Amino acid sequence: GLGDVYKRQVHVKGALFSCGDGHACQADGEADGTGFETPLTGIFTFMVRNDMHLTRPRAESFTHFITIGFHKDLRSAAETVIRDMIDFLIEKKDLSFRDAYILVSLVGELHVSQLVNEISGVHFMLPKNVFE
């Protein structure tokens, strides 16, 4: 049952998984830390991917590929996630640097995740439907 799921732990030293800080409502940017906090529940599946050697987090939703980055300087954080998306497109979608750069410039979505802390967070979203 679900009770057993909550008792499971990641038994890998250094796995560093964390989940929390759920918001029922919060604008992009979290300008002052205000948001409607809410409890979260979920079921997570983890797979070890020895073929991936990431230096920063990536995510994938049903509709988007997402790169995630943090930096004290907002512009540096933005440049990092855009470059990470370009690298992803070169590696996984076999695009040239030029074509990947053009694609992210045309259809990519840069979002500020949070400004409230000393470290700014950004994420870059690329719609999957551009490959259909």
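Guide: The model is a predicted one. F17 sits in the loop between α1 (2–7) and β1 (23–25).

Visitor: What makes F17, F44 and F46 a patch?

Guide: Patch residues need over 30% relative accessible area, and nonpolar side chains are joined within 5 Å. F17, F44 and F46 form a nonpolar surface patch, with about 320 Å² of accessible area together.

Visitor: Why is D94 called exposed?

Guide: D94 has 69% relative accessibility. The cut-off is over 50%, so D94 counts as exposed. D94 lies in the loop between α2 (74–92) and α3 (97–107). Its phi is positive, about 55 degrees, although D94 is not a glycine.

Visitor: Why is the contact of R49 with D51 called a salt bridge?

Guide: The limit is 4 Å between a side-chain nitrogen of Lys or Arg and a carboxyl oxygen of Asp or Glu. In R49 and D51 the closest N and O atoms are 2.9 Å apart, so the pair qualifies. R49, at 39% relative accessibility, counts as partly exposed. D51, at 48%, counts as partly exposed too.

Visitor: How do you know that R98 forms a salt bridge with D99?

Guide: Their closest N and O atoms are 3.9 Å apart. The limit is 4 Å, so this pair is within the rule. R98 is exposed at 60%, whereas D99 is partly exposed at 38%. By this rule the count comes to eight salt bridges.

Visitor: Which parts of the chain does the salt bridge of E118 with K72 link?

Guide: The closest N and O atoms of E118 and K72 are 3.3 Å apart. E118 is in the loop between β5 and β6, and K72 is in the loop between β4 and α2, 46 residues apart. Both residues are exposed.

Visitor: What makes β3 and β5 edge strands?

Guide: The open sheet has four strands in the order β3-β4-β6-β5, with antiparallel pairing. β3 (58–60) and β5 (109–114) each have a single partner strand, so one side of each lacks a neighbour in the sheet. The twist averages 25 degrees from one strand to the next.

Visitor: How do you know that β5 and β6 pair?

Guide: Pairing takes at least two bridges. β5 and β6 (residues 120–127) have five, so they count as an antiparallel pair. H111 has H123 in β6 as its bridge partner.

Note on methods: Residues numbered from 1 in each chain as written. Predicted model: local features only at pLDDT ≥ 70, side-chain atom pairs only at ≥ 80, totals over all residues. Heavy atoms only, no water. Helix = DSSP H or I, 4+ residues; strand = E, 2+ residues; numbered from the N terminus. Buried < 20%, exposed > 50% of the residue type's maximum accessible area, 1.4 Å probe, protein only. Axes fitted to C-alpha atoms, helices over the stretch in contact; angles between N-to-C directions. Patch = residues over 30% accessible without salt bridge, like charges linked within 9 Å, V, L, I, M, F, W, Y side chains within 5 Å. Areas by Shrake-Rupley, 256 points an atom, 1.4 Å probe, with all protein chains shown as cover.
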